[in-house]
Amino acid sequence: PQLSFPGEMFPSTGLGILLIVLGEFILGLILGMLVHFLFSAVQFGGQIIGFQMGFAMVNVVDPITGVSNAITAHFLYMCTMLTFLVLNGHLALLNALSLSFEYIPPGGLLLTPAVSNSVLEFSNLMFVLAIKIAAPIMAALFLVDLSLALISRAAPQMHVLVLGFPIKISVGFFFLAFIFTTMSIYVTDFLREIELIFRTIMKAGSPGDF
């Protein structure tokens, strides 16, 4: 992008340069947080799915964050990352970054309440997306639990607890296979909205005369 940044606007002190660098860092941090919300939603949904399937004790360590997650959360995270790259999400991210120079000059970011409200409003969608991902499997496993409860009442001599684990895991993996179609839809919708959302945030933090 081409920047309109006259030499007389460039700060002559070290503190001024530090403030410009800090403003650009915060702007990049906001953009990174918006993208991270997508992957956090997928991990959260996978965590719920793993707990419902009985994988509460089957955890793997995320090499990026160092946090222990359910194996289903890590699996969905890697699948979402591949989908994000296949759909050119990294290019959309770079495009959104280039748009920042059209709205905000270097060091001109204004941290207004509208900026924080926009980020918080978008973060709410993370929990909505997590529930959308986990809801089908949660509903299916609820029906499995209900069926096992009825079986235990009808035949108390059956070991429902031993029988329930393989059934819930099988049903969970069966419905997990159908998530990939919806996962691509969610990532595509996110890529369509990220430019609009980031543009709204930049307008809220723009000085107004740039």
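**Entry 1: the pocket**

I looked up the lining of the largest pocket and found F37, L38, F122, L125, M126, V128, L129, K132, Y186, D189, F190 and E193. I keep in mind that this is a predicted model.

Next I asked which elements give two or more residues to that lining. They are helix 1 (14–53), helix 4 (113–154) and helix 6 (179–204). Helix 4 supplies the largest share, with six residues.

I then sorted the lining by class. Nine residues are nonpolar and three are charged. I found no polar ones.

I also noted the volume. For the largest pocket it comes to about 300 Å³.

**Entry 2: helix 3**

I turned to helix 3, which covers residues 89–103 and has 15 residues. From first C-alpha to last, helix 3 reaches 22 Å. That is close to the 21 Å expected at 1.5 Å a residue.

Which residues of helix 3 are buried? I listed G89, A96, L99, S100 and Y103.

Last, I looked up what the buried residues of helix 3 pack against. Their partners are helix 1, helix 2 (71–86) and helix 6. Two of these names were already in my first entry: helix 1 and helix 6 also give residues to the pocket lining.

Terms used
Residues are numbered from 1 along each chain as its sequence is written. This is a predicted model: local features need pLDDT of at least 70, side-chain atom pairs count only at pLDDT 80 or more; totals for chains, interfaces and linings use all residues. Side-chain values use heavy atoms; hydrogens and water are left out. On a 1 Å grid over the protein atoms alone, a cavity is a set of points where a 1.4 Å probe fits but cannot get out, and a pocket is an open set with protein on both sides within 12 Å along at least five of seven lines; lining residues have an atom within 4 Å of a point. Grid points are joined across faces, edges and corners, and a volume is the space filled by probe spheres set on the points. Helices (H or I, at least four residues) and strands (E, at least two) are DSSP runs, numbered from the N terminus. Ala, Val, Leu, Ile, Met, Phe, Trp, Tyr, Cys and Pro count as nonpolar, Asp, Glu, Lys and Arg as charged, and the others, Gly among them, as polar. The expected span of a helix is 1.5 Å times one less than its number of residues. Buried means under 20% relative accessible area, exposed over 50%, partly exposed in between (1.4 Å probe, protein chains only). Contact means heavy atoms within 4.5 Å.
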